[in-house]
Amino acid sequence: MPLFNDAERGIAEAIAALNYTNPFTPERISLEKTILKDHYREKGVVWSTKAQPDFKDANVPRIQVITEKLAITARRRLTEKRLKLSTHELETYENLIVYYLFEEFRQEMVEAVLSAPEPRSFRFYNRFLELYTHYMQIPGYAFSGRHDALRTFEIYFQIHRAFYYIFDFIIGSSNASGKLRASIWQSIFTHDIYRYNRALYDRMRNITTLITGPSGTGKELVARAISLSQYIPFHEKSFTFDIPFHEQFHPLHLSAMPQTLIESELFGHCKGAFTGAVNERAGWLETCSKYGTVFLDEIGEINEEIQVKLLRILQDRRFQRLGEHNDRLFQGKILAATNRNLSKEISNNSFRMDLYYRLCSDMVTTPSLKAILAGSESELSSFTAFIANKLIGPEEADELTDEAVKWIRSNLGLEYDWPGNVRELEQCVRNILIRGGYTPQAKTAKISEMDKIYETVRTRNITADELLNGYCAAVYNATGSYTETADTLGLDRRTVKKRVIDAGMEM
């Protein structure tokens, strides 16, 4: 007698496959359709919140009802009669139970994620252990042993954290948004979560992730999602995880700091290491825990001296405080981000090639807002609704969303480029809320600055340096990006930035 009849087998195999499927890929939706058949509720080509704060996915609870019935039925058959099962049947049963228990404790896990930073005791682990033993330890059957109760519980919590920080914060229902969420998931669990569970769960901190993309496209949100979703061990006796997950993200915004301050913040310093160092100080590399992450935003801004020191950290995980000669060990994970073309910076000898290859073990690219929206009014409405909810609250958000989308469609058009990306859309919605309209900075700045340059040239009241400074500033104000300005003008990015600052027109 088989463990599953013909009608059950395909469904059980599809449920088992859910454990190892990236939830943000079309494959997840395909499996849900296999399980639910005519009861599947359409939710688009990718799984997204639709930017609605009360979004509910009816398919997940329906799948859990089916899974629970199959789990109970399969266990009863195993205990009532000694069945000769193939390796595939045993694995399908085990994976069916893993998914069943994941959903059984979903509510408790979600509450634990949402309750941060309040301390949380996971005393429901005892009930989890009872159910795990009930289903996974049946006399007379030699299960694979690939699943361990403690590890399974740890990974459950990690998956719930990852899903929350990806699903709730990386919004959009377009293919571009779906691909971004799927890419972030891979940065956490790799493309093979089965292997991750076996061998990589506590080694991912050794892999550096480089996040690239235009300014204003949410690179820090991506870094935060990866950081707060790292594996953390669980202690069965105290019912607590080793460290509070919400404290493990340490962002360092390099473009806003002088180079000496970057070194102090990153490496720490000894007393007397430089003028003003009256006390010793531990840097982020030292205070970061084994399960934490240091996020280096705008990595392309650091000078060669810091690049060499950072290369050493990525090679052998060792560093020194400023003013000391003793090595210290960095235990955590490095994330880095840039909106610059590092390949071009390498060719300009502004960025070390060996550092680049250490940084790009794993890469995530954030798409522009224009690529995400792709001229879709419904997608624009989703992003606008998300911003409106944060800005004005759910009671007034729908009205503001409709007003903003109508204004954008009539005045900017659905094909507007959004050079400032999501940041610009946020400013647009705020302007519409307060003034009933929005004037894009790119348009006004380009006209006014170019008119000013033309007038000074006409009167011959300008030097060559001032002319170039003003022109760089005008193009920068139009693009909002030093990199794009440099590419447009055929200049080095550092030269552009210096001339914009000299013109006194930095945004």
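Which residues line the largest cavity?

Analyst: This is a predicted model, in which local features need pLDDT of at least 70 and side-chain atom pairs count only at pLDDT 80 or more, while totals for chains, interfaces and linings use all residues. Residues are numbered from 1 along each chain as its sequence is written, and side-chain values use heavy atoms, with hydrogens and water left out.

The largest cavity is lined by Tyr201, Asp202, Arg203, Met204, Arg205, Gln230, Tyr231, Lys290, Tyr291, Gly292 and Lys333. A cavity here is a set of points, on a 1 Å grid over the protein atoms alone, where a 1.4 Å probe fits but cannot get out, and its lining residues have an atom within 4 Å of a point. The largest cavity holds about 70 Å³ of space, a volume being the space filled by probe spheres set on the points, which are joined across faces, edges and corners. Its lining divides into 4 nonpolar, 2 polar and 5 charged residues, where Ala, Val, Leu, Ile, Met, Phe, Trp, Tyr, Cys and Pro count as nonpolar, Asp, Glu, Lys and Arg as charged, and the others, Gly among them, as polar.

The lining of the second largest cavity comprises 2 nonpolar, 3 polar and 6 charged residues.

Conventions. 1 Å grid on protein atoms, 1.4 Å probe; cavity = no way out; pocket = protein on both sides within 12 Å on 5 of 7 lines; lining within 4 Å.
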